[in-house]
Amino acid sequence: MTRQRPGLFDPLRFPMTNSVPNFVCHGCGARVAIDAALPFACPNTRDGDDIDHLLVPEDGPPAFAPGAETNPFLRYRALLSPYRLARAAGLSDAAWDDLVDALDQKLVAVDGRGFRVTPMTAQPALARALGRDAPLWVKDETHNVSGSHKARHLMGVLLYLRVLEAARLPAADGLRGRKLAIASCGNAALAAAVVARAADWPLDVFIPPDASPAVVARLVDLGATATICDRRPGETGDPCVTAFRAAVRDGALPFGVQGPDNGLAIEGGRTLAFEIAEVLAHAGGDPGTLMVQVGGGALASALAQGLSIATAAGRLARMPHLIAVQTAGCAPLARAFGKTAGVDLAEAARHRANFMWAWETTPHSLAHGILDDETYDWLEIVKGVRGSGGSVVVVDEAAVARAHALAHEHTDVDASATGTAGLAGLVAAPVPAGPVTVIFSGVER
Ligand SMILES: Cc1ncc(COP(=O)(O)O)c(C=O)c1O
């Protein structure tokens, strides 16, 4: 494979900073220096304290200077805390290239592809079918590693673990003896299994009894250990998440895509927003509206954070209006959003239970990948929706089905109904005039 080297030395892209990145809890303000402690769950998290603990990277002064590489983990390196940690710990820029390249080659061996900037193209036939004149952009994540955007989240985590090891930092102590763990039976589990396999790191996956046999077979094929978690009578919340959290308490490393369990996972997903920002900036004019399907919330949270960085750095004239889309079968974010009207979000972060709790009924939808009991990353999404003048839309099953059908009829992207559910928002509700961007993710399996 040809080594992708950055171009001319660019001080904006490679800031001369020696400081170790910190993550800060948006609920309690705890600050975690990531060379000495793992920025996964907030260290102050206590059962029942009603604080919305979530570690978020403390970003430096606004900067957005992508490189020319096609691998997003090279192209946006300066915006990633594992890279900043590597440099602060004395590793060279070339050492980062080597870490990313080595993993990329393993990913190609395991999954047939590594990370590359994914296509984002205007889809005029789809726009016409929906009666829209302005561009309808589709960002296609179905050819990303493991067939969805989820692997982006986890690659960020893995690169961090690799940097800890390579630089022999204090937080690397005992790391290799700890397994990775995730609760999922869909795209996130497949992504975790591919990335873990590429790194030769053992993975436990906690799955429900009705997990797809094809997905389970692939997980096992990739070397993951799958544990079925039955729901006990009277139990609320997702039993797989409960089992996952117990494994983490026993020493496993959280390798899922839920921010409160692993703040770092959100950061890897920001690369998707950086790519979108580049395309919208290049197109010029109004950045329009971004419609995103929301389950656990990591995707929308990462997009909100990444676009806000690109906007603060002046790359976009304003942040696209962020419209979060949930199905009527399970809409805890929409419920929370309604309750935050007129509320100071710093205050909301200290009274989580007033806004977010597990959906009470067993949800069903064609978009089954976004039926998370809770929107774990709800508060960052609400901030992004508010800050961008967006909204939260709830769609019925007819809209979910129509969006899926239209996507297949008018584009060549083979995305699942979960992966086209953002478009269902455009099918169901009026959206401001101007361009719209949607993310088609999760290849049809
Ligand atoms: C294809 C696809 N799109 C979007 C999402 C939503 O992501 P999140 O759970 O981060 O909200 C998922 C989640 O599983 C997914 O599989």
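Trainee: What makes helix H13 largely enclosed by the rest of the structure?

Mentor: In this predicted model, a residue is buried if 20 or more other C-beta atoms lie within 10 Å of its own. Nine of the 11 residues of helix H13 (residues 378-388) are buried, so the helix is largely enclosed by the rest of the structure.

Trainee: Which residues of H13 are buried, and what do they pack against?

Mentor: The buried residues of H13 are Trp-378, Leu-379, Glu-380, Ile-381, Val-382, Lys-383, Gly-384, Val-385 and Ser-388. They pack against H10, strand E11 (321-327), helix H11 (332-339), helix H12 (345-348) and strand E12 (391-395). Just after H13, Gly-389 has a positive phi of about 70°.

Trainee: What share of the residues in the protein chain is buried?

Mentor: Of the 445 residues in the protein chain, 55% are buried.

Trainee: Why is the protein chain called as compact as a globular protein of its length?

Mentor: The secondary structure of the protein chain comes to 15 helices and 13 strands. For 445 residues the globule rule gives 22 Å, and the radius of gyration is 20 Å, close to that value, so the chain is as compact as a globular protein of that length. Along the principal axes, its C-alpha atoms fill a box of roughly 55 × 55 × 45 Å.

Trainee: What makes E8 and E9 edge strands?

Mentor: The sheet in question is open, with four strands in the order E8-E7-E6-E9 and parallel pairing. Strand E8 (225-228) and strand E9 (253-254) each pair on one side only, and are the edge strands.

Trainee: How do you know that E6 and E9 pair?

Mentor: Two strands pair if DSSP finds at least two bridges between them. Two bridges join strand E6 (residues 180-183) to E9, and the strands run parallel; Leu-180 has Leu-253 in E9 as its bridge partner. The pairing of E6 with E9 therefore meets the requirement of at least two bridges. Helix H8 (residues 239-249) lies across E6, strand E7 (203-207), E8 and E9, at about 165° to E6.

Trainee: Which residues are closest to the ligand, and which element gives the most to the shell around the ligand?

Mentor: The ligand is surrounded by 20 residues, the closest being Gly-295, Gly-296, Ala-298, Gly-369 and Gly-442. Helix H6 (187-198) and helix H10 (298-312) are the elements that give two or more residues to this shell. H10 gives the most, with three residues.

Methods. Residues are numbered from 1 along each chain as its sequence is written. This is a predicted model: local features need pLDDT of at least 70, side-chain atom pairs count only at pLDDT 80 or more; totals for chains, interfaces and linings use all residues. The radius of gyration is taken over C-alpha atoms; the globule rule is 2.2 Å times the number of residues to the power 0.38. A residue is buried if 20 or more other C-beta atoms lie within 10 Å of its own, exposed if 12 or fewer, and partly exposed in between; C-beta atoms are placed from the backbone. Two residues are in contact if their C-beta atoms, placed from the backbone, lie within 7 Å. Axes are lines fitted to C-alpha atoms, for helices over the stretch in contact, and angles run from 0 to 180 degrees between N-to-C directions. A residue is near a molecule or strand if its C-beta atom, placed from the backbone, lies within 6 Å of it.
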